[in-house]
Amino acid sequence: MASSRSLNGGSLPFSSQRLLALAQQLSHYKPSPCSLDDGDEQERIIEETVGKVVSQVGVQESVTPIAQNPENFKPKRAAVLICLFEGDAGDLRVILTKRSSRLTTHSGEVSLPGGKAEEGDKDDIETATREAKEEIGLDPSLVNIVTVLEPFLSKHLLRVVPVIGILTDKKAFKPTPNPAEVDEVFDAPLEMFIKDENRTEEEREWMGEKYLLHFFEYETEKEKRKYIIWGLTAGVLIRAASLVYQQPPAFLEQNPKFKFPKIVDRNTVMR
């Protein structure tokens with residue numbers, strides 16, 4: 001088997017040349033510089049609830065005025081793991097979770113593994129992989145971290161960093177959901193997030209700005225279980241799929257513009 005250096009340490013073997021090529025492609029990824037006036041703002045849907053990252057309005061940090069003054073920006077941090085693997089049919093798939101029905105907020109919604117950074121985390125990669133292990137029993141040693149996307153800001157000014165990793169041996173991963181946080185673990189094809197199939201949209205408004213909220217419906221082949229993927233999860237996966245397949249989505253995103261305060265610390269809130 002071929003192998004590639006991982007950002008989380010070590011060198012993990014790849015079960016196919018496709019996964020190796022993908023790892024090499026993503027390892028060279030550098031976030032494109034963004035202008036505050038170019039209209040390329042991205043909608044991101046995130047919220048902080050019980051230390052988790054779920055759904056509220058947000059925006060890429062790189063297109064906000066805050067990014068121009070990083071010395072004034074010290075928000076709380078979080079990370080999510082976009083864990084990809086090669087399915088039996090040769091397609092790229094991503095691991096997702098259905099939030100526990102026991103939770104008082106956003107119960108039963110689909111999300112990526114992830115949550116807030118803890119004091120002992122050395123970086124965003126460790127936050128994402130630690131949370132994935134706590135939520136679904138995914139051993140970090142099975143995941144080859146290949147890149148980190150630019151962070152996103154929630155309306156609560158929580159900085160969320162998407163971390164992309166490749167699961168090189170799917171059979172070695174035996175999901176063990178934490179019942180306090182997760183009811184189900186499943187996977188979906190990554191490519192669906194740049195296609196216009198099984199997608200609906202709703203126009204929403206926040207802070208006087210209209211934008212489109214995208215909903216993707218997915219049904220598992222064997223169990224015939226249906227899931228709706230939207231909000232942060234859909235937004236981040238649209239971005240990840242566009243990067244992996246090197247093409248924009250086949251639909252209009254229509255993202256809003258947001259205004260943020262000039263100075264941000266852990267106590268700053270948006271109203």
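**Notebook: salt bridges and cores**

I started with arginine 204, which forms a salt bridge with glutamate 202; their closest N and O atoms are 2.8 Å apart. The model I am reading is predicted. Arginine 204 is partly exposed at 32% relative accessibility. Glutamate 202 is partly exposed too, at 37%.

How many salt bridges does a search of the whole structure find? I got 14. I kept in mind that side chains of opposite charge can pair when their charged atoms come close.

Next I took arginine 93. Its salt-bridge partner is aspartate 91, with 2.8 Å between the closest N and O atoms. Arginine 93 counts as buried, at 12% relative accessibility.

Then I checked glutamate 184 and arginine 225. They form a salt bridge, and the closest N and O atoms are 3.5 Å apart. Glutamate 184 sits in strand β14 (residues 182–189), while arginine 225 is in the loop between β16 (209–219) and β17 (226–230), so this pair ties together parts 41 residues apart in sequence. Glutamate 184 is buried, with a relative accessible area of 18%. Arginine 225 is partly exposed at 44%.

I also found a network of salt bridges. It links Glu118, Asp121, Arg130, Glu131 and Glu134.

**Helix α1**

Which residues of helix α1 (residues 17–27) are buried? I listed Leu19, Leu20, Leu22, Ala23 and Leu26. Seen down the axis of α1, these buried residues fall within an arc of 160°, so they line one face of the helix. The general rule I noted is that an α-helix has 3.6 residues a turn, so residues three or four places apart point the same way.

**Nonpolar cores**

I turned to the largest nonpolar core, which has 44 residues. Ile82, Leu96, Ile164 and Phe193 have the most contacts inside it. I then asked which elements supply at least two residues each. They are α1, β7 (77–86), β8 (92–99), β13 (159–167), β14, β16, β17 and α3 (231–245). α3 gives the most to this core, with 10 residues.

Leaving aside neighbours within four places in sequence, I find isoleucine 164 in contact with Leu26, Ile82, Leu84, Asn144, Ile145, Val146, Thr147, Leu149, Ala240 and Leu243. Another core lies apart from the largest one. I logged 17 residues for this other core, among them Ala79, Ile95, Ile145 and Val182.

Terms used
Residues numbered from 1 in each chain as written. Predicted model: local features only at pLDDT ≥ 70, side-chain atom pairs only at ≥ 80, totals over all residues. Heavy atoms only, no water. Salt bridge = Lys/Arg side-chain N within 4 Å of Asp/Glu carboxyl O. Buried < 20%, exposed > 50% of the residue type's maximum accessible area, 1.4 Å probe, protein only. Helix = DSSP H or I, 4+ residues; strand = E, 2+ residues; numbered from the N terminus. Arc of directions from axis to C-beta. Core = buried A, V, L, I, M, F, W, Y, C linked by side-chain atoms within 4.5 Å. Contact = heavy atoms within 4.5 Å.
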